Amino acid sequence: MFSRTTLARALALPIEQSSARCASTTFRACLHQATSTTTQPEAPLSATPRAQTSNPIQQQRFLTPSNTVPITRADVPITKQPVAPAFDAPLKVSQSLLELLPNLTSQKPHFITAHLHDRPYLLTAGDQLRLPFLMPKVRPGDILRFNRASLLGSRDFTLKGGEQYLDERLFECRVRVMGVESEPLRITEKTKRRRRHVQKVTSKHRYTILRVMDVKVKTAEELLEDGAVVVESADSAANVELKA
């Protein structure tokens, strides 16, 4: 004879199997429903324009004949073009400067102490300059002008400024970008005490190479044509000195 417990379990077994089947069916249905909701295609984009939070990008304007700004390449936008010099007052030169300036301009070659990022560079025409950094926004073939100089002269004469730098209307120093030069790869090993690990740090710097095209001292006639004013020697922007 079976006991009541065994008989009750035997009668309840089909009910438990049917409930388990329902539960598995429900779980599968839930899984199918979840996957269908995640793989629903996105709604098509509306054709109505969205509100713009910023101003629209304006087309880049190029130089026109009316804008007398020196250009480097035809495809360079106006925002990257060199800025034309603007002065509030005319250049002041002394009579002694006008008298000695022909001696300086006729005696070549000329040298210049140009300053770039407050670093002096002694240059003459034909020199190759390797900058200690990579100059941004330049390409090989670009022509640059150094407008900061503290000294300008020849073998026997020297042109010095009254202030820190000479007036850029007295001279012209133009250089051409030749390219970029890379140094050999350097590997530095770094470690700390009580640490069994050596860290290797690599570095490979790049430098811009420039070629000095021309170092020119303007003549007295060119200065007067540009609007220079003759003043006393004390008010002059620069003076020419004879080397001993």
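Helices (H or I, at least four residues) and strands (E, at least two) are DSSP runs, numbered from the N terminus. Welcome to a predicted model, in which local features need pLDDT of at least 70, side-chain atom pairs count only at pLDDT 80 or more, and totals for chains, interfaces and linings use all residues. Residues are numbered from 1 along each chain as its sequence is written, while side-chain values use heavy atoms, with hydrogens and water left out.

**View 1. The protein chain holds 3 helices and 13 strands.** Of its 244 residues, 25% are buried (under 20% relative accessible area, with exposed over 50% and partly exposed in between; 1.4 Å probe, protein chains only). Take contacts (heavy atoms within 4.5 Å) between residues at least 6 apart in sequence: 69% of them join residues at least 24 apart.

**View 2. Leu 123 sits in strand S3, residues 119–124.** Leu 123 has a relative accessible area of 4%, so this residue counts as buried. Beyond its neighbours within four places in sequence, Leu 123 is in contact with residues including Phe 111, Leu 129, Phe 146 and Val 212. Its C-alpha atom is 6.3 Å from that of Thr 113, 10 residues apart along the chain.

**View 3. His 110 belongs to the loop between helix H2 (95–106) and strand S2 (111–116).** This histidine is buried because its relative accessibility is 6%. Its side chain reaches two backbone oxygens: that of Leu 104 at 2.6 Å and that of Gln 107 at 2.9 Å. Leaving aside neighbours within four places in sequence, His 110 also has contacts with Leu 123, Gly 153 and Val 217, among others.

Methods:
Polar contact = N/O pair within 3.5 Å; in protein donor to acceptor, adjacent residues only side chain to side chain.
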